[in-house]
Amino acid sequence: LKAATHFSMLIELLKKANSKAYVLCDENTYAYCYHEFCEQIGQAIEVIIIKAGEHEKNIKSCEFIWQSLIEKLADKETVLINLGGGVVTDIGGFVAATYKRGIRYVNVPTSLLAMVDAATGGKTGVNFGHFKNMIGVIQPPEEVIIHVPFLKTLPEKHLKNGFAEMLKHALLSEKELLQQCLNFTDWEAQIEEAIILKSLLIKEDIVAQDLQEKGLRKTLNLGHTLGHAIEYAAFENGYEILHGEAVATGIIVAIKLSVKKLNFNATEAAEIIEFIKQHYPTPHWLKKHQESILKAVLQDKKNANQQVKMVLLEAIGKPLYDCICTLDEITAVLNQI
Ligand SMILES: NC(=O)c1ccc[n+]([C@@H]2O[C@H](COP(=O)([O-])OP(=O)(O)OC[C@H]3O[C@@H](n4cnc5c(N)ncnc54)[C@H](O)[C@@H]3O)[C@@H](O)[C@H]2O)c1
């Protein structure tokens with residue numbers, strides 16, 4: 001595991017850096033995590049604060065941070081520390097990768113989703129218009145530090161949100177971890193360091209083999225073709241939805257298509273879908289805004305030659321990427337949800 005569970009490497013890095021470091025927070029992580037962070041590293045570091053939420057993941061927030069760095073005379077040796085959920089790590093990573101053609105950055109994730117997923121792997125970027133993650137670059141952080149006590153203040157709905165990506169990692173890897181996930185009932189009690197690290201390791205292992213997403217890394221998009229399209233439709237039509245909630249519904253679509261097209265075990269499929277339906281709200285507007293969802297499906301970054309390419313499963317731990325699915329097939333499944 002490359003991610004650390006202690007701050008010593010960051011403390012060393014700050015000692016050796018011959019320039020200032022800055023912490024990027026959103027208003028919540030500033031309120032709930034910044035002081036704990038300063039205690040852990042034994043010093044106070046100047047902070048740049050952005051507003052919280054997915055709606056802030058845009059180029060305007062980047063402009064604000066770039067401007068702040070310029071005013072603070074940040075130079076090429078500056079280290080940016082992203083202390084927050086996936087929104088902060090995605091924006092902060094992008095700002096760092098582009099400021100003066102690139103400065104170093106460290107991710108200190110504070111949400112479950114960022115711990116198991118967003119903070120690792122080097123994908124950075126922002127939304128553009130209503131399209132998710134349209135503008136960005138792949139630039140890995142210097143390091144990622146997992147400090148599980150940050151989760152104490154994370155609202156339960158955001159724990160569940162991150163859990164959707166853990167479920168995805170389990171589906172991509174092994175039955176045992178999946179079964180452990182399907183037995184979850186009490187997120188606050190059951191989310192602990194061991195299972196977080198296990199989940200993160202699955203992602204790290206895949207990314208280590210294919211940083212630029214030429215092949216294997218595409219499997220991490222399981223549930224995301226529809227997940228991102230549902231987020232787009234929510235944005236466009238004024239509904240609130242969390243990334244993990246949209247991905248959870250996206251996983252249902254992928255599993256149903258897997259049963260149909262790849263003979264994925266129907267009994268296992270039913271168990272997984274039942275779990276998701278029990279714990280994640282299915283957007284009630286799926287049918288009403290189907291056109292909006294399908295429009296976004298066609299914009300998915302994995303498509304080529306106008307064909308929709310999805311990640312499906314032959315079995316648990318046996319994903320296939322670039323599976324061509326027609327809009328009719330997707331519509332048929334959406335109508336069953
Ligand atoms: N780069 C990647 O590989 C990757 C992977 C998955 C998801 N993502 C992105 O991650 C984003 C979602 O991440 P997220 O769910 O962490 O959202 P988020 O960053 O918006 O965090 C969720 C909410 O929790 C608050 N919060 C965070 N940590 C807290 C804490 N410890 N205590 C109290 N409040 C806290 C935040 O302020 C925010 O209001 C999406 O934009 C998604 O596209 C990126």
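Which residues does Ala118 touch, not counting residues up to four places away in sequence? The answer is Gly86, Thr89, Asp90 and Leu113. Keep in mind that this is a predicted model.

**The overall picture**

Let's step back to the protein as a whole. It has 15 helices and nine strands. Its radius of gyration is 20 Å, close to the 20 Å that the globule rule gives for 337 residues, so the protein is as compact as a globular protein of that length.

How much of the chain is tucked away? Of the 337 residues, 57% count as buried. The protein still exposes about 14600 Å², and carbon and sulfur atoms supply 50% of that. As for who meets whom, take the contacts with a separation of 6 or more: residues 24 or more positions apart account for 75% of them.

**Around the ligand**

| Residue | Protein atom | Ligand atom | Distance |
|---|---|---|---|
| Ser111 | polar side-chain atom | oxygen | 2.5 Å |
| Asn161 | N or O atom in the side chain | oxygen | 2.8 Å |
| Phe150 | backbone N or O atom | nitrogen | 2.9 Å |

The ligand has 860 Å² of accessible area on its own, and the protein covers 92% of that.

Ala118 is buried, because its relative accessible area is 17% and the cut-off for buried is under 20%. Its C-alpha atom is 17 Å from that of Val23, a residue 95 positions away along the chain.

Next up is Asn133, which has its place in strand S6. Is Asn133 buried, exposed or partly exposed? It's partly exposed, with a relative accessible area of 22%. Leaving aside neighbours within four places in sequence, Asn133 is in contact with Lys57, Asp90, Val126, Asn127, His228 and Lys301. One of these, Lys57, has a side chain joined to the side chain of Asn133 by a polar contact of 2.6 Å. Another, Lys301, sits 168 residues away along the chain, yet the C-alpha atoms of Asn133 and Lys301 are separated by 9.3 Å. Notice, too, that Asp90 turns up among the contacts of Asn133 and among those of Ala118.

Finally, where is Asn221? Look in the loop between helix H10 (193-209) and helix H11 (224-237). Although it belongs to a loop, Asn221 is buried, with a relative accessible area of 9%. Not counting residues up to four places away in sequence, Asn221 touches Lys123, Glu213, Lys302 and Val311. With Glu213 there's also a polar contact between the two side chains, at 3.1 Å.

Technical notes. Residues numbered from 1 in each chain as written. Predicted model: local features only at pLDDT ≥ 70, side-chain atom pairs only at ≥ 80, totals over all residues. Heavy atoms only, no water. Polar contact = N/O pair within 3.5 Å; in protein donor to acceptor, adjacent residues only side chain to side chain. Areas by Shrake-Rupley, 256 points an atom, 1.4 Å probe, with all protein chains shown as cover. Helix = DSSP H or I, 4+ residues; strand = E, 2+ residues; numbered from the N terminus. Buried < 20%, exposed > 50% of the residue type's maximum accessible area, 1.4 Å probe, protein only. Contact = heavy atoms within 4.5 Å. Rg over C-alpha atoms; globule rule 2.2 N^0.38 Å.
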